[in-house]
Amino acid sequence: MNRNISRTMTRATGLALILLGIAGLVWQPVQHASPAENTPHYTADGKLILPANYRDWNYLSSGLGMTYAKSGPDDHPMFTNVYAAPEAYHAFLKTGQWPDGTMLVMEMYSSGTEGSINKGGYYQLASMGGVEAHVKDSSRPGDLWKFYGFEEDGKPAEARGNNNPCTQCHTKNGGVEDTFVQFYPTLRPVARAKGTLRPGTDVEKPAAAAAK
Ligand code: HEC
């Protein structure tokens, strides 16, 4: 083989190997939810770390323009998407109750209508930035269920104070403990069947009762 060609090839091979090495360092396999992220983790000063993978969790529901006082028509209803950490979700399917360490996350999206081919109804637009976590953790002092509001930057968040207005509505009206299971279609029938749904909170008639 011509010496020059052989030298060029050796260089090319060397370069290819270096590039592969760099690619290996940079390339990360798709990160799957590590169970460690599905239970609450706190900073040394007690702030909750936003689980980066919550979008991989179990989807519970999207409320659309839900309000809690009589109000006029809303041209821009907001979507609230709720997710549950998988271990908590599967425990709930078995028992109708939330285990200690349960994490629920709710994100808010503004809505749009009549864009692209859409002529009616609503789709989700920009994220409203804020994300809220609702956490059941008996290892923390104060209320068993706590709310943590995350800003757009996703920095760890402090717990909202005990018995705040969020907690008051959730404790009084939640279908299962402080959570609004009555609005989550895959969990409502489970809680109903296990007898854990707070009486008077069911939002639909069970099929059996409706048939009577
Ligand atoms: C007047 C009653 C009421 C108040 C006050 C209220 N919520 Fe809720 N919240 C609801 C309802 C109803 C749902 C179910 C929403 C859905 O289906 O999208 C909900 C769902 C949630 C969820 C999803 C997990 C769960 O617990 O079911 C989070 C997180 C949440 N709210 C956070 C908050 C925070 C934070 C505040 C205070 C800033 C707050 N809420 C105030 C009624 C209330």
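**View 1. Thr201 in the loop between α4 (188–194) and α5 (207–211) of the predicted model.** Helices here are DSSP runs of H or I with at least four residues, strands are runs of E with at least two, and both are numbered from the N terminus. Thr201 is buried, at a relative accessible area of 12% (buried means under 20%, exposed over 50%, partly exposed in between; 1.4 Å probe, protein chains only). A polar atom of the Thr201 side chain lies 2.7 Å from the backbone oxygen of Arg198. Apart from neighbours within four places in sequence, Thr201 is in contact (heavy atoms within 4.5 Å) with Asn173, Gly174, Gly175 and Gln182.

**View 2. The iron atom of the ligand and His170.** NE2 of His170, 2.2 Å away, is the single protein donor to the iron; donors are N, O and S atoms within 2.8 Å of the metal (3.2 Å for Na, K and Ca), and water is not among the atoms, so sites may look incomplete. His170 belongs to helix α3 (residues 165–173).

**View 3. Polar atoms around the ligand.** An oxygen atom of the ligand lies 2.5 Å from a polar side-chain atom of Tyr184. A polar backbone atom of Phe180 is 3.0 Å from a ligand oxygen atom.

**View 4. The shell around the ligand.** Helix α3 gives the most to this shell, with four residues. At least two residues each come from β2 (79–84), β3 (103–112), β4 (123–136) and α3.

**Notes.** Residues are numbered from 1 along each chain as its sequence is written. In this predicted model, local features need pLDDT of at least 70 and side-chain atom pairs count only at pLDDT 80 or more, while totals for chains, interfaces and linings use all residues; side-chain values use heavy atoms, leaving out hydrogens and water.

Conventions:
Polar contact = N/O pair within 3.5 Å; in protein donor to acceptor, adjacent residues only side chain to side chain.
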